[in-house]
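Morning, everyone. Please look at the screen, and I will take you through the contacts one group at a time.

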Amino acid sequence: MHSNLLSYIVFLPLFFALAILILPENKSKYYKYLNLISALFQTVLSFYLYFSYKPYPHHLSASWSINRFSFVEKIPWIQLDLGSLGKLKIDYFIGVDGLNITLVLLSAIVMLIAAIASWHIEKKLKGYYGFILLLACSVPGCFVAIDFFLFYLFFELMLLPMYFLIGLWGGPRREYASIKFFLYTLFGSLFILIVMIALSASVIDPVETAVKLGLAENAEAVTSKTLTELHYLLAENKIHSIDKVHSFNVLYMTDHQNFIWDSILNINSKHLIAGLSPRLIAFLLLLIGFIVKLPSVPFHTWLPDAHVEAPTPISIILAGVLLKIGGYGIIRFAYGIFPEGGIYFSWYIGFVAVVSILYAAFVALAMGDIKKLIAYSSVSHMGFVLLGIASLTPEGFNGSIYQMFSHGIIASMLFLIAGVLYDRSHDRTIDYYRGLAFKMPVYTTFVTIAFFASLGLPGFSGFIAELFVLLGAFNSQSVNGFLPRWMAILATSGLLIGAAYYLWTLQRMFFGKFSLSAHLNIRKDLLDLSPREKMMFVPLAVITLGLGLFPGLIFDVVSVSTSDFVSYVLNAGRTYLK
Amino acid sequence: MVPENYLINFTLNSIGRDLLFLFPESFLLVLFLVLFFLDVFFKNKNRFYFQLILLLGILFSTALNLTDFFALSDATPRFLFSKSLTRDHVSAFSKVLFDGVTFVFIFYQLVITTSNREEQKNPLPDFNYVLLFLLMGLHFLAMANNLLSLYVSLEIVSLAGYAAVGFGGNNKSYEASIKYLLFGAFSSGLMLYGISLIYGLSGNLEFNSVLNMNHPFHYVASVLMLSGVLFKISAIPFHIWAPDVYEGASTPFTSFLSTAPKAGGFIVLCRIIDAFLDINHSLQNTVAAAFGIIALLTITIGNFSALWQQNAKRMLAYSAIAHSGFLLVGIAAMSGEGIRATLFYLFIYIFMNLVAFLMVDFFADQIGSEDVHNFKGIGMQVPFLAIIFVINMIALTGLPPTAGFYSKFLIFSALWKSYTITSQKFLLVLLSFGLINSVISLFYYLKIPYLMFFKKSEIQISFKTNYKIPLFFSLLSVPVLVLFFKPELLMNYINYLFS
């Protein structure tokens, strides 16, 4: 159980998907129960994972090694013989550390909420639940994969289900939105693919290569002495290319000694592309690929369209977890593999983050559709994730990871809010409603909680997250000098705008005398929340409040990894830049 | 000094011995004669049995080639007829592949299709003869080891192809046949002229003299010679025939035409490049650049033309052109890895394209139209078949979880490695354009699935389907899925074949 826990979490939904595929169409009312059971199982397992995770003792080893991961599973998967160019090795390699464990938990929680929110989906149930379960497999898969190839696989596997879920079950302009989503993400993933190909050509698996060269009898017999010898041989270009075992292992990619001597991604490479070293270019490509997913200005325009057209559960999944893959990818892959890029481009990344925060907040202020408003607020809040990463301080990184979790929970709540309104009136225009507080008091309570959590009121998780990000951004100038202080100040004013659009919306829609516009065509009366809806709101509200009061719940598992990661990025990055 | 008649005797003996190794081809000839005499005696009666005999014959031929493939060892001669034909793993494997494609094509027409069209259910016996000759030509093409045998086998394939396209049963197919003939004859003339120049310049007809350009005039000769091969694989600028011919021929035959002869062309091209790499020439970068430019143009023009097509078959025809471009990328890498990646791609391509064309035939036949806009709503009516179709479109785009992903991945990896070795900037350009083109191709590959699932059908269609059809198409799609999870199954084999 313990040793295969992650695989169970990732692949459990596939078995349920199979069951749904086999069940005939006339049993379709059971599909949602199957989906719910799968999500429940996943959540229980994820909580078990979270509680049994022990951060490794501080500074266990100098390099970024496998020892830092728990629940590791490593099975050889594909071994391609490339003839004179050696071998290509792909592992089924998964594990968790502080950077991704909270995200696995988040994805399970969000998928569970989405499963409950899917209750009233009526058409083409088989396809719908099949795709949802496929997502429930690929999203945690993305988070736990430590092999780049495996990650890319899960990343691409997410595309098609999402395309169909938006395109088939979405709103009136669903076709446009789904294609836009698909193309943006695919373009982003192509950049990632280019870097992946380049990396696989440049990086060798030191252990397997040592075995192949006869330096050690088998993989277990490889010691640090063997590795030193191998790295020496590699640096002296004494290994014949036929003996090189190429690898997609991200951990090997973070060690510059594993790069082939004359490959262009080697840190000593004298190649220049457009005046930059190929490693910096590769960093930029990865960054752009993931920023599309995050999304950040200027690649954000697919998000509002996708959100407005997607059905509520899909919006929840999209905002709750899919965007986080962008943030996680930047940390693990872009910064992890090319640390010098994070230092070299820190000013630009910070700038993009600040623009993203402010611009999206201003746009949100002008939105008349409440779902669009929430979508832009998502862009604005994900900007904080980027800002925290750009600051390259432990506070900033911790804040970023905290923000990802917190935003996942809060965004789920916000999109539920939009969904509840849409279910009742089929219109989300803010101006059409007034004084809803009198008609729907419980709903209004949760709206208030969600809005205040999102705008960063102390006591809610959003406050802690943004506070730490801003702390990191403020400290950056004095600690490492990467981000000027005005960026932090501008980002703080983003919070102010956030407060403005939330409070203004609250005032327009919920306060005052109850009245509805004549444009509204309300089929059912404006009923307050049903028990099923409360079942979704209550846990989310509890989590955001709980995290606001006990930030240690996240920081305790995260902080060791992040502070080590930041010091790795700073040390390695500074060395490589020289 | 050896007496003259001894030499003649020796040659005659070796010819007699070599003939024995042409057993699979002789069998095709026998099959042809059997069908021919049956036709003479039982005119127009029991056509179904003729087709059945043909089907079983092809199956037997596949089995023959398969045993031949496994029986290959160093003990048997590698070259036949004084080195004009070669007998190696590649040729044996290609023959199995060609026979397999033919088998699938005939099997589809005889057993699977629900079509009542006369030319499919009861093709004229003449079509079978032409097909058998086409197949025989492909067999020789797979074995061709010098320019003369290459030319002759290519001509057999082409001539039989011109005739076979005309059996589509409508005016469009006659027109396509004539177009194919005109373009084909022209390029074959160019090729023959090129071969004669090469012979004049280098004094031999070996493959390695094709690109061994040590005389300015040899450049012209090489270009002329290669134009014949480029025509067969429908590369730019010799692609103009492809859309019309693919559209004009009956769709099942198009599925054959777009896979087997193209594979033949690529195998010859791989042999030529392989021979060229052996002499390790300083011209490598020039040749790579030439193929790179052709590949780039072929991908781009094929893709952008496919974007505007409303006819499903025509769209797939342009997509097939774009795929030729991707395959040429592997050639442009100018390395053993590139050639192996091309072969891998070719294998996957054959399966993807077979399924794509045959499914379009199935759908178009039921709807009565090849216009993509009439495919609306099919996804809701026959979801299983539509999902298989989507999987194949994803594979053609090159996305996981299909082997189409690996084929593109390996091709681009080979290109990247060539770039790191030679640091030629145009390889990087080719790489980025190739990747951008895969995104562009998504627009038209997902167009049909999009219409199938996202749109409501305007006309009421009741699909006639049975257990055979989903089974047939899922079996054909198995390699595309399985080879994603275990690509080494095929790759190790290709390494073994082409080492």
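First, a definition: a charge sits over a ring if NZ of Lys or CZ of Arg is within 6 Å of the ring centre and within 35 degrees of the ring normal. Keep in mind that this is a predicted model. Now take B:K408. It lies over the face of B:F326, at 4.4 Å from the ring centre. Chain A has a case too. There, the charged end of A:R508 sits over the ring of A:W504, 3.7 Å from the centre of that ring.

On to rings with rings. How many aromatic pairs are there over all chains? The count is 86. Here is one of them: B:Y162 and B:Y180. Their ring centres are 5.0 Å apart and the planes stand at 85 degrees, so this pair is edge-to-face. The cut-off for that label is over 60 degrees. B:Y162 belongs to helix α7 of chain B, residues 147-165, and B:Y180 to helix α8, residues 171-202. The pair therefore ties together parts that are 18 residues apart in sequence. Are these two tyrosines, B:Y162 and B:Y180, buried or exposed? Both are buried.

Chain A has a ring cluster. Ring pairs link its members, among them A:F283, A:Y335, A:W347, A:F397, A:W486 and A:Y568.

Next, charges. Side chains of opposite charge can pair when their charged atoms come close. Over all chains, the count comes to 22 salt bridges.

Number one is A:E340 with A:R279, at 2.5 Å from N to O. A:E340 is in helix α14, residues 339-344, and A:R279 is in helix α11, residues 278-293. They are 61 residues apart, so this pair links distant parts of the chain. Both A:E340 and A:R279 are buried.

Number two is A:D369 with A:R428, at 3.4 Å from N to O. Both ends are in loops. A:D369 lies between α15 and α16 of chain A, and A:R428 between α17 and β4, so the bridge ties together parts 59 residues apart in sequence. A:D369 and A:R428 are buried as well.

A:R424 sits in helix α17 of chain A and A:E533 in helix α22, so the pair ties together parts that are 109 residues apart in sequence. Again, A:R424 and A:E533 are both buried.

Chain B has a network. Salt bridges with shared partners join B:K172, B:E175, B:K179, B:D244, B:E247 and B:R314.

Now the interface. Here 38 residues of chain B are in contact with 40 residues of chain A. The buried area between the chains is about 3,700 Å², and carbon and sulfur atoms give 79% of that. How many salt bridges cross the interface of chain B and chain A? Zero, by the rule. Polar contacts between chain B and chain A come to four residue pairs. Several helices of chain B each supply at least two residues to the side that touches chain A, including α15, α17 and α21. Which helix gives the most to that side of chain B? It is α18 of chain B, with 10 residues.

B:N353 is buried, with a relative accessible area of 0%. Beyond its neighbours within four places in sequence, B:N353 is in contact with B:S258, B:T259, B:A320 and B:L396.

Over to you for comments.

Notes:
Residues numbered from 1 in each chain as written. Chains lettered and ligands numbered in written order. Predicted model: local features only at pLDDT ≥ 70, side-chain atom pairs only at ≥ 80, totals over all residues. Heavy atoms only, no water. Phe/Tyr/Trp six-rings, centres within 6.5 Å; stacked < 30°, edge-to-face > 60°. Helix = DSSP H or I, 4+ residues; strand = E, 2+ residues; numbered from the N terminus. Buried < 20%, exposed > 50% of the residue type's maximum accessible area, 1.4 Å probe, protein only. Contact = heavy atoms within 4.5 Å. Buried area = accessible area lost by both parts, 1.4 Å probe. Salt bridge = Lys/Arg side-chain N within 4 Å of Asp/Glu carboxyl O. Polar contact = N/O pair within 3.5 Å; in protein donor to acceptor, adjacent residues only side chain to side chain.
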